[in-house]
Amino acid sequence: MSKRVVLVTGGTGLVGSGIQAVLSDPEVKAHHDNDEFIFLGSKDCDLRDMAVCEALFEIYHPTHVIHLAAFVGGLFINMAKPVEFYNDNLTMNNNIIQCSHKFGVEKLVSCLSTCIFPDKTTYPIDETMVHNGPPHSSNFAYAHAKRMIDVANKAYNQEYGCKFTSVIPTNIYGPHDNYHLQNSHVIPGLIHKFYNAKKNGTDMTVMGTGAPLRQFIYSEDLAKLFLWTLRDYDSVEPIILSVGEEEEVSIKDVVMAIAEAMEFKGQITFDTTKADGQFKKTASNAKLRTYLPDFKFIDIKAGIKKSVDWFVANYDIARK
Ligand code: NAP
Ligand code: GFB
């Protein structure tokens, strides 16, 4: 079989680092002996610039693309920067999709998110519901930009027969996350805050009520599912990549797990004047289970312990 060149945009981030990590496992690597992976970050190329994007495809002539690159952040930056979430993501996604078609990419796997589903919905959410109504107001711009990936995939498939598909991860966490105190997602944001509180001997104030519910997938579990999607998932329809509904936890559960992993002994209070965002976005992984009934996800407490330990050991190099 001829060599495959797999371009991974956003390859230096949380998910991209997870893919790099799992590919160092000989068992996983054995499935990809014929694949050359190229992991790119924004310093290699600003994908918002079509000319830069085309030059990138001219250099590498990828046969496959895993498109992770995005303007990404948690609830609070989503509320503060809707224009960037809309413009940057729509532009990057369109550039990658157009270049993938122009340069004859055999398969493109892009990334949606369980936060893009309609806010008013029945539960559990499944893949058929992506466009069934407006998303939650807290991240409407990001959600609409991401939904256009699905629209574009179907347009290119209908007109040109392109094998462009997408996955819908739930909230992701793990090593190499973005730990920025204001802009990050909840788990890395709290890990950093607990680290500072422990170091300074202060108490902890957590934003929100702690009541919202979330499903969290460990980055390296997601990475294995991304590689499976690249190899064996051939539908244009998106597929949710998440732990099961029964794994849903509250933000308060996450706070306690991080405090335990960090051996934090101070007081923990909740600032209920701060936003909670979506109360729940419970997603079904039934479609994934029809393909991979026995896939094992790491337990959330074990995953949080690994994430905390990584941050403490790598504080100086962590993105924050
Ligand atoms: P991340 O850690 O913030 O990484 C983002 C990646 O995109 C980085 O490699 C970054 O490069 C790159 N990037 C950003 N702007 C770019 C630009 N203008 N040109 C080229 N590259 C650019 O994000 P992540 O959490 O790994 O997210 C990966 C994908 O998963 C995204 O599509 C995101 O929407 C999706 N997702 C994430 C979550 C989550 O909870 N994290 C949940 C669902 C879906 P630099 O490192 O050089 O900045
Ligand atoms: O990860 P997060 O920001 O995103 O989680 P969402 C927000 C929830 O965690 C809210 C609480 O209930 C917050 O009140 N929280 C507590 C914190 N402490 C913190 C903290 O220090 N930082 C943050 N960020 N939250 C996002 C979408 O929604 O889901 C994004 O806005 C993205 O677009 C992501 O797709 C996966 O799960 O609420």
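Visitor: How far is an oxygen atom of ligand 1 from a polar backbone atom of V15?
Guide: This is a predicted model: local features need pLDDT of at least 70, side-chain atom pairs count only at pLDDT 80 or more, totals for chains, interfaces and linings use all residues, and side-chain values use heavy atoms, without hydrogens or water. Residues are numbered from 1 along each chain as its sequence is written; chains are lettered from A and ligands numbered from 1 in the order in which they are written. A polar contact is a pair of N or O atoms within 3.5 Å. For V15 and ligand 1, the distance is 2.9 Å.

Visitor: How much of ligand 1 does the protein bury?
Guide: Accessible areas come from the Shrake-Rupley method with a 1.4 Å probe. Alone, ligand 1 exposes 900 Å². The buried part of that is 90%.

Visitor: Which elements give two or more residues to the shell around ligand 1?
Guide: Helices are DSSP runs of H or I with at least four residues, strands are E runs of at least two, and numbering starts at the N terminus. Here the elements are α1, α6 (140–160) and β6.

Visitor: Why is helix α1 largely enclosed by the rest of the structure?
Guide: Buried means under 20% relative accessible area, with a 1.4 Å probe and protein chains only. V15 is among the buried residues of α1. Helix α1 (residues 14–22) is largely enclosed because its buried residues number seven of the nine.

Visitor: Which residue in β3 stands opposite L7?
Guide: Strand β1 (residues 4–9) and strand β3 (residues 64–67) pair over four bridges. Opposite L7 stands V65.

Visitor: What is the distance between an oxygen atom of ligand 2 and a backbone N or O atom of A275?
Guide: A residue counts as near a molecule if one of its heavy atoms lies within 4 Å. A275 is among the nearest of the 24 residues around ligand 2. The distance is 2.7 Å.

Visitor: How much of the accessible area of ligand 2 does the protein cover?
Guide: On its own, ligand 2 has 700 Å². The protein covers 97%.

Conventions
Pairing = 2+ DSSP bridges. Buried < 20%, exposed > 50% of the residue type's maximum accessible area, 1.4 Å probe, protein only. Polar contact = N/O pair within 3.5 Å; in protein donor to acceptor, adjacent residues only side chain to side chain.
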